[in-house]
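Student: I would like to learn how to read a protein structure, one feature at a time. Where do we start?

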Amino acid sequence: MLWRILNRALRFVLSLAIVLALTWLFRKVLPANHTTIALFFLLAILAVSAAWGFTVSAFMSVAAMLAFNYFFLPPVGKLTVADPQNYVALFAFLATSLTGSQLSQRMKRQAEEAHRRRDEAERLYMFSQRLLVSGNVITLLNAIPNHIVESFGLGAAALYLENKKKFYRSGGIYLDDDEMRRVARREEPVFDAGRSLYFVPVRMGNRAIGSLGMSGRLLSRETLEALGTMVAIAVERARAVEELGKTEAMREGERLKSALLDSITHDFRTPLTSIKASVTSLLSTPSTASPDTRELLTVIDEECDRLNGLVGDAAEMARLDAGEVELKREPQAIGDIISAALEQLKLPLGQREVRVELPANLPPVKADSSRIKDVLVRLLENADAYSPKGTAITITAEVGGEFVAISVADQGPGIEEMEMSLIFDKFYRGRNQRYLVQGTGMGLPIAKAIVEAHGGTISVTSQLGRGSVFSFTLPIARERAARA
């Protein structure tokens, strides 16, 4: 503090010394007319204003005016003025020197402001380059405070994210956690110039996702707001890149599983076909084989059929996943598809009552009849397998917007809520029924894939002890509806 006072006092003394030096020069060494002397005084005042500011230059202007009056204007040696016109000259000189000093100081401030903004723009660019380095969200969040400190030469920086309720810090200065939370919620910046603390919201569009706290050198409000926006964009970009990577990895994983499944099913078909042919031949040929041997051959024959069904389902699932199944989508009547499915299941369903409740004037759907029949067959087989004998299965349909919803309801034990989201996964079977009912766990996933390939959806609702309802939707055939 004392050094600043001494430094400022020294500037006033030096400005006065310059005035005295110019006075001595023009009095003793280089005599000149009044205009020349006034111009030299003015140039010196402008130079001092540019170097030391307006206050020093204003003091120098007054000192120069007095020296000009006392030493150069008649009567020399007195502060009085003989010619009234010289009063005008003196005041013009003072006004010119003060105005010039003020303009010079203003230009200096503008030049400093332009330099500071350019410096901040360069630092913002450097900071943005650092943000693009990492594509991992966790790594980026931990690195952002360090990047801010290094790019802008700050003492400390901290990042707070509202959704994670977590802080990321850099630097040895503690930044108030409560203040950062308040800034994130109020979405308004807080500036404490006295303690060199600055808090700004991190915005993504009109929404604040967190806040930044900084301590150290002063940054402009525009730079601080740009910093918050850049951090938000970088965080969202890293998250999007990470999600894209996960999605792509899942897609590649599904593609690999489908290719592997397809390859395995092809390798299984050849030996299964040979075994099936051999067992069928042995069973159809009269022989002297004992009853026990024929019973074993019958078991082999039945298990071959089961394995063939599993291989067929796996191959079908692989083709559906790979998008290799071509659908012949044409206007179809729902009633005809249901009749075809029931005809195919006539023997497996046996005496099971199946109720079909369709409203009148049900519009046709645009679908591949054989594929949708397969969906209905799988849902009916599922209902038959998981509901007690003697209970009825109900098939209904209704129009909803641009779709027709078909439902298959049973009176089975129902599905637990935690299993509802897993029921359409490949190879999944209910944990309470998997050892009681034979199956591959592929029927519902295949039905789901076929329905989604038609542009529809499939879902299930269930109540424990009351049964389950499987529903799927198909788009209405617009061409036929328009003609009608």
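Tutor: We start with contacts, and contact means heavy atoms within 4.5 Å. Leaving out residues up to four places away in sequence, Ser61 touches Ile45, Phe93, Leu94, Ser97, Leu98 and Ser101. This is a predicted model: local features need pLDDT of at least 70, side-chain atom pairs count only at pLDDT 80 or more, and totals for chains, interfaces and linings use all residues. Residues are numbered from 1 along each chain as its sequence is written, and side-chain values use heavy atoms, with hydrogens and water left out.

Student: Is Ser61 buried or exposed?

Tutor: Buried means under 20% relative accessible area, exposed over 50%, and partly exposed in between, with a 1.4 Å probe and protein chains only. Ser61 has a relative accessible area of 0%, so Ser61 is buried.

Student: In which helix does Ser61 lie?

Tutor: Helices (H or I, at least four residues) and strands (E, at least two) are DSSP runs, numbered from the N terminus. Ser61 belongs to helix H3, residues 54-72. Among the buried residues of H3 are Val56, Met60, Ser61, Phe68 and Phe72.

Student: How is the reach of H3 judged?

Tutor: The expected span of a helix is 1.5 Å times one less than its number of residues. H3 has 19 residues and spans 25 Å from its first C-alpha to its last, close to the expected 27 Å.

Student: Which backbone oxygen lies 2.8 Å from a polar atom of the Ser61 side chain?

Tutor: A polar contact is a pair of N or O atoms within 3.5 Å; within protein, one must be able to donate a hydrogen and the other to accept it, and residues adjacent in sequence count only if both atoms are side-chain atoms. For Ser61, the oxygen is that of Ser57, at 2.8 Å.

Student: What does the side chain of Arg352 reach?

Tutor: The Arg352 side chain comes to 2.6 Å from the backbone oxygen of Pro388. Arg352 sits in the loop between helix H10 (346-349) and strand S7 (354-357). With 10% relative accessibility, Arg352 counts as buried. Beyond four places in sequence, the residues that Arg352 touches include Asp384, Ser387, Pro388 and Ile393.

Student: Which residues of H9 are buried?

Tutor: In helix H9 (residues 334-344), they are Ile334, Ile337, Ile338 and Ala341. They cover an arc of only 100° around the axis, so they lie on the same side of H9; the arc is that of the directions from the helix axis to the C-beta atoms. Asp336 and Glu343, on the other side of H9, are exposed.

Student: Which residues of the largest nonpolar core touch the most other members?

Tutor: A nonpolar core is a set of buried Ala, Val, Leu, Ile, Met, Phe, Trp, Tyr and Cys residues joined through side-chain atoms within 4.5 Å. The largest one has 36 residues, and Leu376, Ile406, Val408, Phe472 and Leu474 touch the most other members. Elements that each supply at least two residues of this core include H9, helix H11 (369-386) and strand S10 (403-409). H11 gives the most, with 7 residues. A second, separate core of 30 residues includes Leu124, Leu131, Leu141 and Leu154.

Student: How far apart in space are Glu416 and Gln463?

Tutor: Their C-alpha atoms are 7.8 Å apart, although 47 residues separate them in sequence. Glu416 is found in the loop between S10 and helix H12 (417-420).

Student: What secondary structure does the protein chain have, and how many of its residues are buried?

Tutor: The chain has 14 helices and 12 strands. Buried residues make up 37% of its 484 residues. Of the contacts with a separation of 6 or more, 63% join residues 24 or more positions apart.
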